[in-house]
Structure formats: structure tokens, C-alpha cells
Amino acid sequence: MKLTKIFLLLLILISLKSITAQENQLRASMGIDFISTPSLVDYINQSNFASDGSELPAFNTAVNFSGEYGKIIEENFQLSVELAYLLYSYNTSNINGRYDISYDLIMPSILAFYVISGNGYSFKFGGGAGIRFLSVDETLPASIRSDNYTSTGFGAILRGEGNTLLGGKFYANVITDIRYDINGEPKGDNGNLRNNVLNENVNFKSLSVGIKLGVSYYF
């Protein structure tokens with residue numbers, strides 16, 4: 001899977017490199033996603049892992065890190081490739097021991113934006129799509145090892161971004177986006193992660209709303 005990810009990213013970068021550009025952008029950001037993964041929430045709540053009987057809400061928070069390389073190929077049009085990494089974790093305990101589950105989602109995407117720019121600022125509106133690589137680690141109460149589950153999916157993004165000049169060619173940016181990811185039913189050595197109450201596999205299809213802060217460099 002790692003070789004597939006590297007090959008995909010190199011292919012996207014080569015495609016963008018072949019475009020004659022007027023301006024390039026490099027961006028690094030981090031932020032919070034408010035994410036709804038209904039099947040996972042049902043699995044955790046119905047398994048009664050928490051000793052106090054508390055349940056997860058419909059939306060939960062996850063950390064998101066991302067980097068972007070973009071080319072402004074016309075006055076108001078930009079093509080970009082983004083590599084984002086999302087991390088979510090949950091843990092609790094009961095009389096049987098501690099329960100932990102976490103997952104990370106690697107999200108390469110190709111994006112297209114309409115750009116409005118002025119003296120010391122710019123706004124971008126657009127979206128894109130890409131492949132998703134999911135990895136889930138779960139440690140059950142009284143267990144001495146974690147089980148790993150993986151899947152490959154697809155996702156789409158709608159995004160708005162504002163940039164303001166910090167100095168020189170550096171800009172601060174604020175990003176808001178809505179993302180829908182179809183991550184499938186992850187599978188491990190012992191089969192799928194399964195909700196035995198509903199008698200179904202856990203599906204990591206998700207809807208999220210995110211906000212990120214970052215810095216961009218134009219050259």
C-alpha cells in the first residue's frame with residue numbers, strides 16, 4: 001500500500017509540473033475536523049465499552065494536517081495537489097480493562113479553484129477529489145495486542161480559503177471545507193471490524209466540516 005501511495009503522489013506532481021504556470025504556491029496547515037462516522041459511532045456505543053455508560057455524539061473531533069502544491073495557470077484559476085492526514089482516537093475503560101480505537105486517513109486529492117486576488121490578499125473557492133487510505137487500530141479490554149484493519153476508498157471536498165500577506169512572499173491562510181469520504185469496510189487478518197449487535201461490518205463512510213490555519217509561500 002505504501003508503494004501505491006508514493007506512486008500516486010509522484011504521478012500527480014509530474015502532471016502538475018508539465019503545466020506552464022504563472023505562479024506557484026506551497027502551503028502547510030493544521031486544524032480540526034468535526035466528523036460524523038455513523039457506523040463507527042454505533043459500534044462503539046452499542047458495544048458498551050465505557051464503564052459509565054456514556055455514548056459518543058454524532059459528530060466528533062479529529063486532527064487534520066495538510067500540505068498543498070498549487071499552480072495558478074490562468075489569472076483566476078488554480079490547480080493543486082494536496083496531501084492531508086487525519087487522525088482520530090477514542091479510549092475508555094470498564095471492569096474488563098481499557099478499550100482503545102484509533103484511525104488515520106491519508107488523503108491525496110487533486111483540487112481546482114477560482115481565485116480572486118488583490119493587493120496583499122486572495123480568496124479561493126473550489127473543490128476536488130482523491131483516493132483515501134484508511135488504517136484502524138483497535139485494542140479490546142483485557143487484550144495485550146492491537147488489531148489492525150485497512151481499506152481504500154474515495155473522497156470529495158468543497159473548500160473556501162482566504163489568504164492575507166504576512167510579508168515578502170509569505171501569506172497566512174484560513175481554510176474551511178466540507179468533505180465526504182467513502183472509506184469502505186476495513187479488513188484485518190481476522191476479517192472485518194464487525195458490529196455484532198447489528199450483525200454488520202463497521203463502515204467508515206464519513207461527513208466532515210473542517211477549519212484549518214496555515215502558511216503559504218508563493219514563488
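Rings of Phe, Tyr and Trp (its six-membered ring) are taken to pair if their centres lie within 6.5 Å, and such a pair counts as stacked when the planes are under 30 degrees apart, as edge-to-face when they are over 60 degrees apart, and as tilted for the rest. In the present structure, which is a predicted model, local features need pLDDT of at least 70 and side-chain atom pairs count only at pLDDT 80 or more, whereas totals for chains, interfaces and linings use all residues. Residues are numbered from 1 along each chain as its sequence is written, and side-chain values use heavy atoms, with hydrogens and water left out.

A search of the whole structure finds seven aromatic pairs. One of these is formed by Tyr-121 and Phe-123, a tilted pair with 5.9 Å from centre to centre and 55° between the planes. Tyr-217 and Phe-219, by contrast, have ring planes at 20° and centres 5.7 Å apart, and the pair is therefore stacked. With buried defined as under 20% relative accessible area, exposed as over 50% and partly exposed as the range in between (1.4 Å probe, protein chains only), Tyr-121 is partly exposed at 37% and Phe-123 is partly exposed at 39%. Elsewhere, Tyr-88, Tyr-103 and Phe-204 form one aromatic cluster.

Tyr-88 also belongs to the surroundings of Asn-60, a residue that, leaving aside its neighbours within four places in sequence, is in contact with Asp-33, Phe-34, Ile-35, Val-41 and Tyr-88, where contact means heavy atoms within 4.5 Å. Asn-60 is placed in strand E2, which covers residues 59-74; strands (E, at least two residues) are DSSP runs, numbered from the N terminus. Because its relative accessibility is 12%, Asn-60 counts as buried. A polar atom of the Asn-60 side chain lies 3.1 Å from the backbone oxygen of Pro-57.

Strand E2 also contains Ile-72, which is buried, with a relative accessible area of 10%. The C-alpha atom of Ile-72 is separated by 9.1 Å from that of Phe-113, although the two residues are 41 residues apart along the chain. The ring of Phe-113 has Lys-124 over its face, at 4.5 Å from the ring centre; a charge is said to sit over a ring if NZ of Lys or CZ of Arg is within 6 Å of the ring centre and within 35 degrees of the ring normal.

Methods. Helix = DSSP H or I, 4+ residues; strand = E, 2+ residues; numbered from the N terminus. Polar contact = N/O pair within 3.5 Å; in protein donor to acceptor, adjacent residues only side chain to side chain.
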